[in-house]
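Subject: Structure handover

Hello,

Here is the structure we spoke about. Please open it first, then read my notes below.

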Amino acid sequence: DGLLTASHLMLSVRWVMLIPLEVVPLVCWASLALLLGSPAPLRKLLTHIFMMTTLTLAAAIGRRQIEYHERIAFSQVVDEKSRRFSLEHRLSKLEDETDTKASSGDEARSVAMTNGSGATAEIFHRVEREGSS
C-alpha cells in the first residue's frame, strides 16, 4: 500500500497512467491468496482484500481530485494572463493615440504632468469610457 500511495502522490503523471498500478497488484495478490491459499482464515483474507481495495480506491480518487484541481488552477492562470494581455494591448494602443495627438501640436490639450502620471490617468479614463460604452 505504501508504494501505491507514494506513486499517486509523487508521480506527476495523468491518473490514466496509474490504472495498471492500481489494478494489477490488487488482482495478483487477491488471486494468489485465494487460489494458492493463505495461513489466514478466509474471513480475515476477505477483510484484507476489502481493505486493500478500499485503500486503492481512496488513492485513485485522491489522484483524480488533485489533477482536477490542478487543471482548474491552470485554467484560471491562463484566463488571467489572457485578460492582462488584452488590457495591456488596449492600453498600448491608447498610449500610441495619445502620443500621436500630443505630437500633432494640439496645445489646447496640453496639461502639466509629473512623471507621466497625468497621461497614464488619462489613458485609464479612456479605457473606462470605452469599456462602459
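Is Arg-71 buried, partly exposed or exposed? Arg-71 is partly exposed, because its relative accessible area is 46%, which lies between the 20% and 50% cut-offs. I come back to its partner further down.

First, a caution. This is a predicted model. The mean pLDDT of the protein is 80. Of its residues, 77% reach 70 or more. Confidence is highest in helix H3, at a mean of 88. It is lowest in helix H4 (residues 117-132), at a mean of 66. Where pLDDT is low, the predicted coordinates should not be read in detail. Please keep that in mind for helix H4, with its mean of 66.

**Overall layout**

The protein has 4 helices and 0 strands. Along the sequence, the pattern reads α-α-α-α. Helix H1 covers 2-10 and helix H2 covers 19-36. Helix H3 takes in residues 42-103. Of the 133 residues, 16% count as buried. The accessible surface comes to about 10,300 Å². Carbon and sulfur atoms hold 65% of that surface. Now take the contacts between residues at least 6 apart in sequence: 64% of them join residues at least 24 apart.

Thr-56 sits in helix H3. Thr-56 counts as buried because its relative accessibility is 7%, and the cut-off is 20%. Leaving aside neighbours within four places in sequence, Thr-56 is in contact with Leu-4 and Glu-22.

Ala-60 is also in helix H3. At 5% relative accessibility, Ala-60 counts as buried. Ala-60 touches His-8 and Glu-22, not counting residues up to four places away. The C-alpha atoms of Ala-60 and Thr-5 are separated by 8.9 Å. Along the chain, that pair is 55 residues apart.

Glu-67 belongs to helix H3 too. Its relative accessibility is 7%, so Glu-67 counts as buried. With neighbours within four places in sequence set aside, Glu-67 is in contact with Arg-14 and Trp-15.

**Salt bridges**

Side chains of opposite charge can pair when their charged atoms come close. How many salt bridges does the count come to? The count comes to 6 salt bridges. Here are some of them.

Start with Arg-64 and Glu-22. Their side chains meet in a salt bridge, at 3.6 Å from N to O. This pair links distant parts of the chain, with Arg-64 in helix H3 and Glu-22 in helix H2. They are 42 residues apart. Arg-64 counts as partly exposed, at 26% relative accessibility. Glu-22 counts as buried, at 8%.

Next, back to Arg-71. Arg-71 forms a salt bridge with Glu-67. The closest N and O atoms are 3.2 Å apart.

Then Glu-80 and Arg-84. They form a salt bridge, with the closest N and O atoms 3.5 Å apart. Both lie in helix H3, 4 residues apart, about one turn of the helix. Salt bridges that share partners join Asp-79, Glu-80, Arg-83 and Arg-84 into one network. Glu-80 counts as partly exposed because its relative accessibility is 34%.

**A nonpolar patch**

Which residues form a nonpolar patch on the surface? They are Val-16, Ile-19, Val-23, Val-24 and Val-27. Together they have about 370 Å² of accessible area. Val-16 lies in the loop between helix H1 and helix H2. At 42% relative accessibility, Val-16 counts as partly exposed.

**Where to look first**

Begin with Glu-22 in the viewer. Glu-22 is in helix H2 and pairs with Arg-64 in helix H3. Then go to Glu-67, which pairs with Arg-71 and is in contact with Arg-14 and Trp-15. Finish with the network of Asp-79, Glu-80, Arg-83 and Arg-84.

Best wishes

How values were computed: Residues are numbered from 1 along each chain as its sequence is written. Side-chain values use heavy atoms; hydrogens and water are left out. Patches are made of residues with over 30% relative accessible area and no salt bridge: like charges are joined within 9 Å, nonpolar side chains (Val, Leu, Ile, Met, Phe, Trp, Tyr) within 5 Å. Accessible areas come from the Shrake-Rupley method with a 1.4 Å probe; for residues, only the protein chains shown count as cover. A salt bridge is a side-chain nitrogen of Lys or Arg within 4 Å of a carboxyl oxygen of Asp or Glu. Helices (H or I, at least four residues) and strands (E, at least two) are DSSP runs, numbered from the N terminus. Buried means under 20% relative accessible area, exposed over 50%, partly exposed in between (1.4 Å probe, protein chains only). Contact means heavy atoms within 4.5 Å. pLDDT is the predictor's confidence in each residue, from 0 to 100.
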